Amino acid sequence: MKDFLTTLGLTQGELIELIESARRFKSGEDNTQPLKGKSVGLVFFNPSLRTRASMQVGIYDLGGNPVVLEPGGTSWTLEHRDGVVMDGDKTEHIAEFVRVLERYCVAIGVRTFADLKDWQEERIDPVLSAFARYASVPVINLESAMHHPCQSLADMMTIREKLGHERKRVVLTWAWHPKPLPMAVPNSFALATAQMGHDLVIAHPPDYQLDEELMKTVKDAAQTSGGSVETTHEIEEAFGGAEVIYAKSWGSKLFYGNSEQDLLTRAKYRRKWIVDDAKMERTADAIFMHCLPVRRNVIVTDAVLDSTASVVIDEAENRLHAQKAVLKRLMT
Ligand code: CP
C-alpha cells in the first residue's frame with residue numbers, strides 16, 4: 001500500500017487488519033510512534049472539523065508534526081492540469097508543490113471536494129490523482145470528489161465495535177438536503193460495506209443513483225466477500241429489519257452542474273426522505289450513523305440523533321484511531 005486513496009484494492013483481511021490496528025490504538029494497547037521526528041503535510045482545499053482535527057491529533061500522537069496548508073488561503077492557489085498556460089488565477093502547479101512538500105514531509109494528506117460542475121471530469125478525481133502522480137511519498141485521501149476512505153474505515157470499525165464481527169443488514173439511505181452534495185461518502189461507505197461482506201441496501205429516490213462504474217465495483221466486492229447489494233426507491237421498505245442505518249444526502253449525477261434542476265427534482269422528497277422515529281421503529285434496533293456534519297431535522301430528527309441508537313460521536317472519534325492505523329501502515 002503506497003497510497004491510501006480508496007479502500008479498493010485492499011482485501012477484506014487487510015481492512016480487518018487496519019480496523020484491528022485502530023482498535024489497539026483506541027484501547028491503548030498500541031502506543032508506538034512510527035512518525036517520531038517526522039512531518040506529514042495536510043493539504044485542505046475545503047473546510048473540515050473532524051478530518052483536520054483528527055489528522056493533526058493523530059500525527060501528534062504518533063510522534064509526528066502536522067503541516068497544514070490551505071491552497072488559495074494560507075498557501076498559493078494550485079493548478080492541477082498538465083500542459084496549461086498558467087495565465088489565470090493559479091499561482092503554483094501541483095508538480096512543484098508536491099515535489100517541494102515531500103522534501104519536508106514523509107506523507108501528504110489531501111482534501112479536495114467535488115466542485116459539482118462537470119461529472120465526467122470530477123468522477124476521475126483529477127486533483128487527488130495529480131497529487132498521487134507527482135508524489136513519491138504516500139498520499140492519503142482526506143475526501144476527494146469520489147472517495148472518503150478514512151471515513152469508511154472508521155465507519156466499518158464502528159459497525160464492528162457496536163455490533164460484532166458478523167454480517168449485518170446495512171442500509172445506506174439518501175436523505176433530502178437543501179443543496180446537492182458530493183458522493184464521496186456514500187461511494188466509499190457502499191464500497192467498504194460490500195468489501196466487509198455485509199448485506200447492503202442502498203435506498204434513494206429515482207434519479208439519485210450512484211455512479212455506474214462505482215456500483216459495478218461495489219457489486220464485485222460483495223461477490224468476492226460473500227455479501228450482497230440491492231438498491232431500492234422505497235425508503236420505508238429498506239428500513240425493515242435493518243441493523244445499521246447510514247444516512248447521507250448526495251446530488252444527482254443526471255443534473256450535475258445544474259443545481260436548480262436538482263433542487264426542483266428533490267423538492268418532492270423533502271418530507272419523506274428523512275430519518276425519523278417511525279422509520280427507525282421498522283428496523284431491528286438499528287444503530288444510526290452519519291459522517292457529520294449533519295443538519296438536524298433535515299437529514300435526521302433530533303429524536304433519532306439524540307437517541308441511544310445514534311453512534312455518530314463514537315463514529316467521529318473512530319476517525320482518529322482509523323487514521324493512526326493507516327499512517328502506521330503507510331510508514332511501515
Ligand atoms: N466527516 C468528515 O469528514 O467531517 P469533516 O468534513 O468535518 O472533516
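1. A salt bridge here is a side-chain nitrogen of Lys or Arg within 4 Å of a carboxyl oxygen of Asp or Glu. Three salt bridges are counted between domain 1 and domain 2.

2. Some ground rules: this is a predicted model, with local features needing pLDDT of at least 70 and side-chain atom pairs pLDDT 80 or more, while totals for chains, interfaces and linings use all residues. Residues are numbered from 1 along each chain as its sequence is written, and side-chain values use heavy atoms, with hydrogens and water left out.

3. The protein chain is divided into domain 1 (12-147 + 319-331) and domain 2 (151-315), with bounds from an automatic or database domain assignment. Their C-alpha centres lie 25 Å apart.

4. Between them, the two domains bury about 2,500 Å², 64% of it on carbon and sulfur atoms; this is the accessible area (1.4 Å probe) lost on being put together, summed over both. Ile 19, Leu 116 and Trp 119 supply 27% of the area that domain 1 buries against domain 2, more than any other three residues.

5. Do look at Tyr 269 too: at 12% relative accessibility, Tyr 269 counts as buried, the cut-off being under 20% relative accessible area (1.4 Å probe, protein chains only). Leaving aside neighbours within four places in sequence, Tyr 269 is in contact (heavy atoms within 4.5 Å) with Trp 174, Trp 176, Pro 205, Pro 206 and Tyr 208.

How values were computed. Buried means under 20% relative accessible area, exposed over 50%, partly exposed in between (1.4 Å probe, protein chains only).
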